[in-house]
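I opened this notebook to keep track of what I look up as I go through the model.

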Amino acid sequence: VVKGFAILRDVEGTIKRVTNAKVAVFTCQIDIAATETKGVVLLKSGKELEQYSIGEEQILERNINSIGQSGVNVVVCGSTISDLAMHFFERNKILVLKVPSKFDLRRICKTVGAIPLVRVGAPTPEEVGECDEVSVREIASTKVTVFRQEKEDSQVSTIVLRGSTMNLLDDVERAIDDGVNLVKQITRDGTFVPGAGAFEIEVARRLSSIADSTPGLEQYAIRKYAESFEVIPRTLAENAGLTATDVISN
């Protein structure tokens, strides 16, 4: 069990580990800004073309430098990151992780307490999340990025599963998911009934006793209704390789 969030992705740059991380989450692409509408730029010389390109690079560099100056040392991006942007991130010694999944982005924001941003620039202190450590680990030859939180009030923990086959992992994942959902349901409502067909057998037994004391033709309808509840325990017993009649009668 990992205290925090683990994601099956490697970081983009060469920085693999950051302690006391200040995390900024961006949902937009980190690249040279493009205009929303088409436009025409007239360049009369090669020098003007060079100055035009340098101007765009300077804007991107200024934005990334402002991110670094705000104290952020980990950036999570939900879209594309250009090579030029990665160059500026490396110069500012910022760990960069690309996470295309919106589900994973929400989990990271919940883990570190960050607010996702739709613009590239220096985030405010309220928008920056905190994490004890962000590092890349190798588990069974698979690169995993871990956002580790040692705080007792951490809202997210990750269970890392290992198995020889994907079918085995799927079965274990379903079992854990069922267990977690059961605990979640119990915390919401403490009333529950026994499983494995015990509830159905008890209902069938009580309906049968009512049928025994009911005169007339109605007793047959009640008895058939009671027998219908025995379908579930019979099926469970047969799937377990047991004799259904013996299980129900006992």
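Which residue in S7 does Lys 3 stand opposite? I looked it up: Lys 3 stands opposite Ser 157.

**Ground rules.** The model is predicted, so I noted that local features need pLDDT of at least 70 and side-chain atom pairs count only at pLDDT 80 or more, while totals for chains, interfaces and linings use all residues. Residues are numbered from 1 along each chain as its sequence is written, and side-chain values use heavy atoms, with hydrogens and water left out.

**Entry: the sheet.** I took helices (H or I, at least four residues) and strands (E, at least two) as DSSP runs, numbered from the N terminus. Two strands pair if DSSP finds at least two bridges between them. With that, I found seven strands in an open sheet of mixed pairing, ordered S4-S3-S2-S5-S6-S1-S7. The edges belong to S4 (95-98) and S7 (157-158); each has a single partner strand, so one side of each is left without a neighbour in the sheet. I then checked how S7 is attached: S1 (residues 2-7) pairs with S7 in the antiparallel sense, over two bridges.

At the other end of the order, S3 and S4 pair in the parallel sense over four bridges, and Val 74 stands opposite Leu 95 in S4. S2 and S3 also run parallel, joined by four bridges. There I noted Val 76 in S3 as the bridge partner of Val 25.

**Entry: which way S3 points.** In a regular strand the side chains alternate between the two faces of the sheet. I looked at S3 with this in mind: Val 74 and Val 76 point one way, Val 75 and Cys 77 the other way, and all are buried. Buried here means under 20% relative accessible area, exposed over 50%, and partly exposed in between, with a 1.4 Å probe and protein chains only.

**Entry: the cores.** In soluble globular proteins, nonpolar side chains tend to be buried together. I used "nonpolar core" for a set of buried Ala, Val, Leu, Ile, Met, Phe, Trp, Tyr and Cys residues joined through side-chain atoms within 4.5 Å. The largest has 23 residues, and those with the most contacts inside it are Val 23, Val 25, Val 74, Val 76 and Phe 147. S1, S2, S3, S4, H3 and S5 each give two or more residues to this core. Apart from it lies another core, of 19 residues, with Ile 64, Val 75, Val 96 and Val 128 among them.

Entry: I picked Ile 7, in strand S1, which counts as buried at 5% relative accessibility. Contact means heavy atoms within 4.5 Å. Leaving aside neighbours within four places in sequence, Ile 7 is in contact with Leu 97, Val 99, Asp 104, Lys 143, Val 144 and Thr 145.

Next came Val 18, in strand S2, buried with a relative accessible area of 9%. Not counting residues up to four places away in sequence, Val 18 touches Asn 73, Val 74, Leu 95, Asp 132, Glu 133 and Val 134.

**Entry: the H5 and H6 pair.**

On the H5 side I listed Ala 204, Leu 207, Ser 208, Ile 210, Ala 211 and Asp 212, which meet Gln 219, Ile 222, Arg 223, Tyr 225 and Ala 226 in H6.

Then I followed the chain to Glu 230, in the loop between H6 (218-228) and H7 (231-239). Glu 230 is buried, at 18% relative accessible area. Beyond residues up to four places away in sequence, Glu 230 touches Ala 204 and Ile 248.

**Entry: positive phi.** Most residues other than glycine have a negative phi. I noted Asn 20, with a positive phi near 50°. Asn 20 sits in strand S2 and is exposed at 59% relative accessibility. Lys 93 also has a positive phi, near 55°; its place is the loop between H2 (83-91) and S4, and Lys 93 is exposed at 62%.
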